[in-house]
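Hi,

Here is the structure I promised to hand over. Have a look at it first, and my notes follow below.

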Amino acid sequence: MQDPSRPATGYPAPPFRHPNGAQPPPPATAYPYAAAPPPYPQPQYYNPNYPPQRSYASRSFFRAFFATMICLAVIFGVILIVTWLVLRPSLPNFTLHTVSLTNLSTTSQSLSATWHLSFLVRNGNKKMTITYNALRSFVFYRTVDVADSQLAPFKQDTKSETTLNATLVAAGTYLQPSLINGLNAERADKSVLFDVQVVASTSFRSGSWRFRTRVLKVLCRKVPVSVSSNSSSGELVGGDRECQVWT
């Protein structure tokens, strides 16, 4: 006899019904641990595009190097400015003391003469000496160089005065006829105007401090020399002439 509690063979089993009418639980997952986080950290992969630490160190080194150079340059500049203000170097004074003109003669296109010049050079600096090198003197007539001469170098101590002598010779120097006519006209008025210039390479020194070499220029404008048409010699008119000095 067939057991009444078992379904008949060949018929499907009846669906499961919860006593309270609720839905049955969902079917269990076959692998419940698959979604759980792994018990070990994810592996780190090498990125070839990531800059190496050496490049960052190089940039840091160059930044520090340039910053140091800028600081040193600023400090050195401040030291030079302070030293310049403390020493207060000033340019020397040049005074044309005497002028003697001899052997003056002219032709229709040339000039011959000899100038004997004497300068008083004063170094007014209290803490700095001045050295003069490569000195050269010039005589101009209406912007034309008619004679020049090389002078001996010399050195000046602080608060001192030196006499600088120069002799310049023009032997048949060419001049345009218009300039010759102008010079002869001035001789008729018994006074000829010349310009006198001195150029020198100078350096200032105070103890171990030596400033850069400068080209010193001295110009005495419109120096009157008394000479007449029937005379070949003359002297400076009006006493000493202060000269313009610049670098």
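**What I found**

In the protein chain, 71% of the contacts between residues at least 6 apart in sequence join residues at least 24 apart, where contact means heavy atoms within 4.5 Å. Please bear in mind that this is a predicted model, in which local features need pLDDT of at least 70 and side-chain atom pairs count only at pLDDT 80 or more, while totals for chains, interfaces and linings use all residues. Residues are numbered from 1 along each chain as its sequence is written, and side-chain values use heavy atoms, with hydrogens and water left out.

The protein chain has two helices and 12 strands; these are DSSP runs numbered from the N terminus, with at least four residues of H or I for a helix and at least two of E for a strand. In order, the elements read α-β-β-β-β-β-β-α-β-β-β-β-β-β. Of the 247 residues, 32% are buried (under 20% relative accessible area, with exposed over 50% and partly exposed in between; 1.4 Å probe, protein chains only).

Strand 9 (residues 214-226) has several partners, counting two strands as paired if DSSP finds at least two bridges between them. It runs antiparallel to strand 7 (residues 192-206), with 10 bridges, and Val-192 faces Val-225 there. Strand 12 (residues 244-246) is joined to strand 9 by three bridges, also antiparallel, with Lys-217 opposite Trp-246. Two bridges connect strand 9 with strand 10 (residues 234-236), again in the antiparallel sense, and here Val-225 stands opposite Leu-236.

Cys-220 and Cys-243 are joined, with an S to S distance of 1.8 Å. Cys-220 lies in strand 9 and Cys-243 in the loop between strand 11 (241-242) and strand 12, so the pair ties together parts 23 residues apart in sequence. The S-S torsion is about 85 degrees, so this disulfide is right-handed. Cys-220 is buried at 2% relative accessible area, and Cys-243 is buried too, at 12%.

Finally, the surface. Phe-61, Phe-62, Phe-65, Phe-66, Met-69, Leu-72 and Ile-75 make a nonpolar patch of about 720 Å². Such patches take residues with over 30% relative accessible area and no salt bridge, joining nonpolar side chains (Val, Leu, Ile, Met, Phe, Trp, Tyr) within 5 Å and like charges within 9 Å; a salt bridge is a side-chain nitrogen of Lys or Arg within 4 Å of a carboxyl oxygen of Asp or Glu. Phe-62 lies in helix 1 (residues 53-87) and is partly exposed, at 46% relative accessibility.

Best wishes

Methods
Accessible areas come from the Shrake-Rupley method with a 1.4 Å probe; for residues, only the protein chains shown count as cover. A disulfide is a pair of cysteine sulfur atoms within 2.5 Å.
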